[in-house]
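Here are my notes on this model, point by point. Please read them with the structure open.

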Amino acid sequence: MKKVLIAFCLLSIGLSFGQKKSNVKQNSNDIVISESVKEISADIEAPLISEEINENTVYNSAGVEVLPEFPGGNNLLSRYLSKYFTISDEMKSMELKGKIFASFIVEKDGSISNIKIIREIGYRTGEEAQRVLKSMPKWNPAQLNGKKVRCLYSMPISIDATKK
């Protein structure tokens, strides 16, 4: 068994180093793998980040240089949400605790649009979260290549109606 394994390893090594370019005719759809890193890097001409920014494109937060931000940062965002999110008597009686997940677009002017509640914990928590998100002040918009862009933003909103 040991001899078979050694023979297989030697054969694999010999095949990988012993390959030569063949004169096989290739279609334009074939993928050609260059033999050296130098050849590969010379073939790459496209920049990693497109310099042309489409006015209506909505970028993912991972694809921008500067993330959108609530004025004053995340601490003030948390305070804003806790101040304006109204916990109803029904939520208190059910002692709701959990997270609501929301997504929205931060526009180039900082306004919020396309609010979607991805997950809620019931008892109209999604409706209340949407109301609060609509009432937020303008954000600092995302930036890409020094220009303001539209950006999709997702966030959790923590609810704890167990506190007295």
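Where do Arg131 and Glu128 both lie, and how many residues apart? Both are in helix 5, three residues apart, about one turn of the helix. Point 5 returns to this pair.

1. Basis. The model is predicted: local features need pLDDT of at least 70, side-chain atom pairs count only at pLDDT 80 or more, and totals for chains, interfaces and linings use all residues. Residues are numbered from 1 along each chain as its sequence is written, and side-chain values use heavy atoms, with hydrogens and water left out.

2. Overall layout. The chain has five helices and five strands. Helices (H or I, at least four residues) and strands (E, at least two) are DSSP runs, numbered from the N terminus. Along the sequence the pattern reads α-α-β-α-α-β-β-α-β-β. Of the 164 residues in the chain, 26% are buried. Buried means under 20% relative accessible area, exposed means over 50%, and partly exposed is in between (1.4 Å probe, protein chains only). Among contacts with a separation of 6 or more, 74% are between residues 24 or more positions apart. Contact means heavy atoms within 4.5 Å.

3. Nonpolar cores. A nonpolar core is a set of buried Ala, Val, Leu, Ile, Met, Phe, Trp, Tyr and Cys residues joined through side-chain atoms within 4.5 Å. The largest one has 22 residues. Leu81, Phe104, Leu133, Met136, Trp139, Met155 and Ile157 touch the most other members. Helix 3, strand 2, helix 5 and strand 5 each give two or more residues to this core. Another core lies apart from it, with seven residues, among them Ile53, Tyr59, Val149 and Cys151. In soluble globular proteins, nonpolar side chains tend to be buried together.

4. Met136 is in contact with Phe70, Leu77, Tyr80, Phe104 and Ile112, leaving aside neighbours within four places in sequence. Thr125 is found in helix 5 (residues 125-134). Thr125 counts as buried because its relative accessibility is 0%. Not counting residues up to four places away in sequence, Thr125 touches Phe85, Met91, Leu96, Ile100 and Glu120.

5. Salt bridges. The count comes to three. The rule asks for a side-chain nitrogen of Lys or Arg within 4 Å of a carboxyl oxygen of Asp or Glu. Side chains of opposite charge can pair when their charged atoms come close. In helix 5, Arg131 and Glu128 meet at 2.5 Å, N to O. Glu128 is buried, at 12% relative accessible area. Arg131 is partly exposed, at 40%.

6. Glu107 pairs with Arg150, the closest N and O atoms being 2.7 Å apart. This pair links distant parts of the chain: Glu107 is in the loop between strand 2 and strand 3 (112-119), Arg150 is in strand 5, and 43 residues separate them. Glu107 counts as buried at 16% relative accessibility, and Arg150 counts as buried at 17%. Lys138 forms a salt bridge with Asp109, with closest N and O atoms 3.6 Å apart. Lys138 lies in the loop between helix 5 and strand 4 and Asp109 in the loop between strand 2 and strand 3, so the pair ties together parts that are 29 residues apart in sequence. Asp109 is partly exposed, with a relative accessible area of 45%.

7. Largest pocket. On a 1 Å grid over the protein atoms alone, a pocket is an open set of points where a 1.4 Å probe fits, with protein on both sides within 12 Å along at least five of seven lines; lining residues have an atom within 4 Å of a point. The largest pocket holds about 350 Å³ of space. Grid points are joined across faces, edges and corners, and the volume is the space filled by probe spheres set on the points. The elements giving two or more residues to its lining are helix 3 (74-84) and strand 5. Strand 5 gives the most, with seven residues. Of the 15 lining residues, Ser78, Leu81, Ser82, Ile157 and Ser158 lie nearest the centre. By class, the lining has nine nonpolar, four polar and two charged residues. Here Ala, Val, Leu, Ile, Met, Phe, Trp, Tyr, Cys and Pro count as nonpolar, Asp, Glu, Lys and Arg as charged, and the others, Gly among them, as polar.

8. Backbone check. Glu95 is not a glycine, yet has a positive phi of about 50°. Glu95 sits in the loop between helix 4 (89-93) and strand 2 (97-106). Asn145, also not a glycine, has a positive phi of about 55°. Asn145 is in the loop between strand 4 (142-144) and strand 5 (147-160).
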